[in-house]
2 protein chains.
Amino acid sequence: MNISAASKAAGLPAKTVRYYADIGLVPAPARSESGYRSYDNASVRKLIFVRRAREFGFSISECRDLLGLYEDRRRSSADVKRIATARLEEIAKKQRELQSLHDELAHLVDACRGDDRPDCPIIDSLGNPRRGPRQAP
Amino acid sequence: MNISAASKAAGLPAKTVRYYADIGLVPAPARSESGYRSYDNASVRKLIFVRRAREFGFSISECRDLLGLYEDRRRSSADVKRIATARLEEIAKKQRELQSLHDELAHLVDACRGDDRPDCPIIDSLGNPRRGPRQAP
DNA sequence: ATAGTGTTTCCAGTTACTGGAAGGTCAAGC
DNA sequence: GCTTGACCTTCCAGTAACTGGAAACACTAT
């Protein structure tokens, strides 16, 4: 399987497939006589695994860990659960931040007449710290 | 006001303050005889404006636009509202994505016993596309 | 005079790719 | 056998928005 077939099967751009091998996230594939990368089903399964982990928002570094666990037939499910739970916490935190951001901005958009006059509570709020969004933590 | 005083007043790292002038987001400040950057209250107000817009998640490019509107005494509030509303849409979209991600991952974490046995639905799901997260759009 | 802190510029690194140029390879068609 | 076009290779550069660090100059206090 050449790179474009493998990348289609994995659902990743060919560039990304090359990149993942470059950074050592997945093993470098075998090469044909002329230097073409040659993929088998096991490589594709790993690429799919990585793609899906990335879609879940795991970082490359976390994907490295997860791939290690994926390949280790003797690891405990607790190891995996620990990483996934940490990620879940991050998602929940991001959700809370987005929620308050959304509420504040929606309030401002609501208060703005949006007509051709210059008076605008959105701009006022950005310029005036007393009525803007929370400070970053 | 030297850069560290200004950066404290604006709530931004000095590095970032320099960076914002380097990329032309805010005007380059005056210099002292020895070359130190010298800030006045108007500069600090602009830096605060940018910091708060960034905290709202506006990109640097959007901050550029907003700063233009901030400085234009004759712009209509509709111009501002349009940018803010677009940003609000993005936030809402991100929220929906995070929500489904959270639900799916929470479901998996819940299903994983997290003990010392290797069997783990989280890893299984990553390896098996039929029970993983949605495809990216 | 010296120590310590503040400031300057510049270069490099971060994350996770993505775009593009220059050139080699392969299969089909004539 | 030759050309065309698709596919493949490497390498370099750029993205967003900073952040870290080195080397050197400035200011203040003792």
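Chain A exposes about 7,700 Å², and carbon and sulfur atoms supply 49% of that area. The model is predicted.

**Chain A: secondary structure and overall form**
- Chain A contains six helices and two strands.
- Along the sequence, these elements follow the order α-α-β-β-α-α-α-α.
- The radius of gyration of chain A is 23 Å, whereas a compact globule of 137 residues would have one near 14 Å.
- Along the principal axes, the C-alpha atoms of chain A fill a box of roughly 70 × 40 × 20 Å.

**Chain A: burial and contacts**
- Buried residues make up 43% of the 137 residues of chain A.
- Taking contacts in chain A between residues at least 6 apart in sequence, 51% join residues at least 24 apart.

**The surface near DNA strand C**
- DNA strand C is surrounded by 19 residues, and the closest are A:Lys15, A:Tyr20, A:Arg54, B:Tyr36 and B:Arg37.
- Of the atoms of DNA strand C that come within 4 Å of the protein, 65% belong to sugar and phosphate.
- By residue type, this surface has seven nonpolar, six polar and six charged residues.
- At least two residues each come from α2 (14-22) of chain A and from α1 (3-10) and α2 (14-22) of chain B.
- The most is given by α2(A), with four residues.

**Polar contacts with DNA strand C**
- For A:Tyr36, a polar side-chain atom lies 3.0 Å from a base nitrogen.

Key
Residues are numbered from 1 along each chain as its sequence is written. Chains are lettered from A and ligands numbered from 1 in the order in which they are written. This is a predicted model: local features need pLDDT of at least 70, side-chain atom pairs count only at pLDDT 80 or more; totals for chains, interfaces and linings use all residues. Side-chain values use heavy atoms; hydrogens and water are left out. A residue is near a molecule or strand if one of its heavy atoms lies within 4 Å of it. A polar contact is a pair of N or O atoms within 3.5 Å; within protein, one must be able to donate a hydrogen and the other to accept it, and residues adjacent in sequence count only if both atoms are side-chain atoms. Ala, Val, Leu, Ile, Met, Phe, Trp, Tyr, Cys and Pro count as nonpolar, Asp, Glu, Lys and Arg as charged, and the others, Gly among them, as polar. The radius of gyration is taken over C-alpha atoms; the globule rule is 2.2 Å times the number of residues to the power 0.38. Buried means under 20% relative accessible area, exposed over 50%, partly exposed in between (1.4 Å probe, protein chains only). Contact means heavy atoms within 4.5 Å. Accessible areas come from the Shrake-Rupley method with a 1.4 Å probe; for residues, only the protein chains shown count as cover.
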